[in-house]
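Dear colleague,

I am handing over the structure that follows, and below it I have set out what was found in it. Please read the notes with the model open beside them.

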Amino acid sequence: MSETMKCAVGDGSRLDVLLPKADESLSRSQAARLIREGYVQVDGRVEEKPAFKADKGANVTWRLPEVREAENAAQDIPLEILYQDEHIAVVVKPEGMVVHPAAGNPDGTLVNALLYHLDHLSGIGGEMRPGIVHRLDKDTSGVMLVAKNDQAHASLSEQLSLRTMEKHYRAMVMGKMKETEGRIEKAIDRDKNDRKKMAIDPNGRMAITEWKVLREYGDKTLLDVHILTGRTHQIRVHMRSLGHPVLGDPIYGFAKMPHAKRLMLHAYSLTFTHPVTGERMTFTAPCPFSEES
């Protein structure tokens, strides 16, 4: 596979800052991904830490893998499309659906459904993740944004990086909250004892979650949750840290919790700026669970 080489001169800044300054087509999040995946070298040595600061005068080079058409199979899987134009699509991911193919989930994913229902997708995400700008866990349902070309993908990724994209969730949690609203600022990293889990860790990446009580149902509470960062399992880890885990959570839940037939977490609304028209847009997907769930 042919690749494009790029280069820059170190100026003492972080690599994930330096690369976008040298190549305006890269967003900071895309640069960070290239670094973590081993495409960036500093003075001939691979550097996989986005926060690494290249000394002034250092020779920084990186490779841009050639974009290839997705080889995933298009599958006729029912998919609710809230909106689409030639640049973007907004869809509702069902609970239980994996976003993109991976080991153990080669098909039946959101990507397979997108390839069937949409005429084209951005190639920036690579073969396995065409059009995917952000993701939701398998057991989380709700609104997702899809890029149909690379220009849109780059713009939307930049919005994620700059935190100008606003995401609200609905979460049914265990117990009653002591306050009607709150803000959680706790760093998250991989659990030292179980690499498949995340945990509160002061040495991890800072995560910020705002929550507000919508309604109480006896021994459980429905929250509006606004995330200002996008860490893996952020809401689930943060709510557990408060002693109010999300109901139906097999990983971060407590042994004795009210019964739930699914993970009670739903991406309720998404607000962003259209990558071409500049219009501020908001889309919502009604919460599928209630007091009876």
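How many cavities of 30 Å³ or more does a search of the whole structure find? The search finds 1, and the largest cavity has a volume of about 50 Å³. A cavity here is a set of points, on a 1 Å grid over the protein atoms alone, where a 1.4 Å probe fits but cannot get out, and lining residues have an atom within 4 Å of a point; grid points are joined across faces, edges and corners, and a volume is the space filled by probe spheres set on the points.

Before going further, please note that this is a predicted model, in which local features need pLDDT of at least 70 and side-chain atom pairs count only at pLDDT 80 or more, while totals for chains, interfaces and linings use all residues. Residues are numbered from 1 along each chain as its sequence is written, and side-chain values use heavy atoms, with hydrogens and water left out.

The cavity and strand 14

The largest cavity is lined by H134, L136, V143, K167, H168, Y169, A267, S269 and L270, and strand 8 and strand 14 each supply at least two residues of that lining. Helices (H or I, at least four residues) and strands (E, at least two) are DSSP runs, numbered from the N terminus.

Two strands are said to pair if DSSP finds at least two bridges between them. By that criterion strand 14 pairs with strand 7 (residues 141-147) in the parallel sense over 2 bridges, with S141 standing opposite H266. Strand 14 also pairs with strand 8 (residues 166-174), in the antiparallel sense over 6 bridges, and there E166 has T271 as its bridge partner. With strand 15 (residues 280-284) the pairing of strand 14 is again antiparallel, over 5 bridges, and T271 has T282 as its bridge partner in strand 15. The hairpin of strand 14 and strand 15 has 6 residues between the strands, and within this hairpin G278 takes a positive phi near 80°.

The nonpolar core

A nonpolar core is taken as a set of buried Ala, Val, Leu, Ile, Met, Phe, Trp, Tyr and Cys residues joined through side-chain atoms within 4.5 Å. The largest such core has 39 residues, and L110 and L114 have the most contacts inside it. Among the elements that each supply at least two residues of this core are strand 6 (88-93), helix 3 (110-117), helix 5 (234-241) and strand 14. Contact means heavy atoms within 4.5 Å; leaving aside neighbours within four places in sequence, L114 is in contact with L79, V91, L121, I132 and V146.

S27 is found in the loop between helix 1 (15-22) and helix 2 (28-36), and S27 counts as buried because its relative accessible area is 1%. Although S27 and A154 are 127 residues apart in sequence, they are 6.3 Å apart in space, C-alpha to C-alpha. Apart from neighbours within four places in sequence, S27 is in contact with P20, A154, S157 and E158. In helix 2 the buried residues are Q30, A31, A32, L34 and I35, and just after this helix G38 takes a positive phi of about 85°.

Q234 is found in helix 5 and counts as buried, at 3% relative accessibility. Leaving aside neighbours within four places in sequence, Q234 is in contact with I188, A207, I208, T209, I227, L228 and T229.

Backbone and cysteine notes

D43, a residue other than glycine, has a positive phi near 50°; D43 lies in the loop between strand 2 (40-42) and strand 3 (45-46) and counts as exposed, at 51% relative accessibility. R163 is likewise not a glycine and has a positive phi of about 65°; R163 lies in the loop between helix 4 (150-162) and strand 8 and is partly exposed, with a relative accessible area of 47%.

A disulfide is defined as a pair of cysteine sulfur atoms within 2.5 Å, and by this rule the count comes to 0. As for individual cysteines, C7 is exposed at a relative accessible area of 58%, while C287 is partly exposed at 26%.

With best regards

Methods:
Buried means under 20% relative accessible area, exposed over 50%, partly exposed in between (1.4 Å probe, protein chains only). On a 1 Å grid over the protein atoms alone, a cavity is a set of points where a 1.4 Å probe fits but cannot get out, and a pocket is an open set with protein on both sides within 12 Å along at least five of seven lines; lining residues have an atom within 4 Å of a point.
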